[in-house]
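Trainee: Could we please go through the aromatic rings of this structure together, step by step?

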Amino acid sequence: MTSPWARTMALGAMSLLATVTQHALAAQATLPISTDAQTVSDLRRQIDDMRRQYETRLKELEARLDQVQQAQTGTANAVPATPVADGTGTTASTANGFNPMVSVILSGTYASLSKDPGTWQLSGFIPGGDEIGPGQRGFSLGESELTLSANIDPWWYGALTLAVSPEDTISAEEAFVQTTALPAGLKLKVGRFFSGLGYLNEQHAHTWDFVDAPLAYQAFLGGQYKQEGVQLKWLAPTDQFIELGAELGNGHSFPGNDRNRNSAGAASLFAHTGGDLGDSHSWRAGLSWLNTKAQDRAWDAVDAADQTVSNAFTGNSRMWVADAVWKWAPNGNGKVTNFKLQGEYFRRTESGEVVYDTGNAATPGDYRSAQSGWYLQGIYQFTTGWRVGLRHDELDSGTVDYGLNTPSLVLTDYKPKRDSLMLDWSPSEFSRWRLQVSNDRSREGINDRQLFLQYQMSLGAHGAHSY
């Protein structure tokens, strides 16, 4: 972008040129028309003098312009010019090092559920924590977010996102620092952050196309997987988008838990690639792997005698995730109409030991499982501000072996499913209203008809979201 100083210099040069031209014409007009040699010599001398004055003044303006440009270059080098995606929708290039950018997301939901959400479960799966299920009935405050972000110095960028839950608890959803000037396409992130596992996991909830996370995320990641550790990404210097990444973390998030050890508790690898197909189509695909461990990871269940018991798992958990996204917008302009097709497939294997009824029988036994799940969704914006979407979720409880505890625990080959239809309206880029209806068949033999009304409002600085 041209600076005010540059524009001033250019206008000054043009004004000087116009003045010189006017003087030359005026001088020529006042001289008597003559063809003698003395008159021609005088005219040439006057023109040469004016030319020297013009060139001298122009050189002075050019020197001042160079000084201004050099000063601007020095300022630009003090703040990284390359935007840094932080997962919150804010870019580091627009953040001020001394006055952090502030972003607030306000969200609220009304839910009408035909079945008691207190009995919600994924039949055939070990529960994955508190952030799963349809939530409470009636009106409730959704997960609101407060984000502070800024460049720290020429080498680091930082962001803190606090999440306010409907239960009136405040937690640090993300808190990390990230490099801005590593060479060779490298980027390092340290702290607490959403893992690069899969596609949807790295995005904040207010960027999702539906009110809730897919069943596969709830079953295998407890809703969303956070790392507390270090992440390294490498962006290949190619026309096609190629990104490789690795993470080491403490592994406290489900399917792992806190094992009170010095070593890393979880490791993950991921690779993403994508590109454009003509002017109207683009795509991205990825493959991710997670390896973590759990020690006495507790969960409540109903045993074969229809009694509620507490059990505990200790062992290894490994997961593969494949994801793909395809987007269409006419000639690359999605303002009026566009379409997105998105899907992910999960497969998890666990092996170790399960202690049945830890508060009473405390019977240990070998445990092995291989389970999978997927979802597919399509979102169509049919006119400015209006979108409609359809999502199908399905899980496969696969093979589960409780070893010696098999007679005491319930086994099932049921496949939980859910279909969701949503319609949302965004009167501006800062507000959205959403209606969603779902037929949830997560519990064996039970259909839960669900209706959600949701609002999302964005206050303060908020940049573009990731692809």
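Trainee: Is tyrosine 367 buried or exposed?

Mentor: This is a predicted model. The relative accessible area of tyrosine 367 is 2%. Buried means under 20%, so tyrosine 367 is buried.

Trainee: With which residue does tyrosine 367 form an aromatic pair that is edge-to-face?

Mentor: The partner lies in strand E11 (residues 308-328), while tyrosine 367 belongs to strand E13 (residues 363-383), and the two residues are 54 residues apart. The ring centres are separated by 5.4 Å and the planes by 70 degrees.

Trainee: Why is the pair of tyrosine 217 and phenylalanine 346 edge-to-face?

Mentor: The ring centres of tyrosine 217 and phenylalanine 346 are 5.1 Å apart. Planes over 60 degrees apart count as edge-to-face. The pair is edge-to-face because its planes stand at 75 degrees.

Trainee: How many residues apart in sequence are the parts that this pair ties together?

Mentor: Tyrosine 217 is part of helix H3 (residues 215-221), whereas phenylalanine 346 is part of strand E12 (residues 338-356). The pair therefore ties together parts whose separation in sequence is 129 residues.

Trainee: Which residue has its charged end over the ring of phenylalanine 176?

Mentor: A charge sits over a ring only if it is within 6 Å of the ring centre. Here the charged end is 4.5 Å from the centre, and it belongs to lysine 189.

Conventions
Residues are numbered from 1 along each chain as its sequence is written. This is a predicted model: local features need pLDDT of at least 70, side-chain atom pairs count only at pLDDT 80 or more; totals for chains, interfaces and linings use all residues. Side-chain values use heavy atoms; hydrogens and water are left out. Rings of Phe, Tyr and Trp (its six-membered ring) pair if their centres lie within 6.5 Å; planes under 30 degrees apart count as stacked, over 60 as edge-to-face and the rest as tilted. Helices (H or I, at least four residues) and strands (E, at least two) are DSSP runs, numbered from the N terminus. Buried means under 20% relative accessible area, exposed over 50%, partly exposed in between (1.4 Å probe, protein chains only). A charge sits over a ring if NZ of Lys or CZ of Arg is within 6 Å of the ring centre and within 35 degrees of the ring normal.
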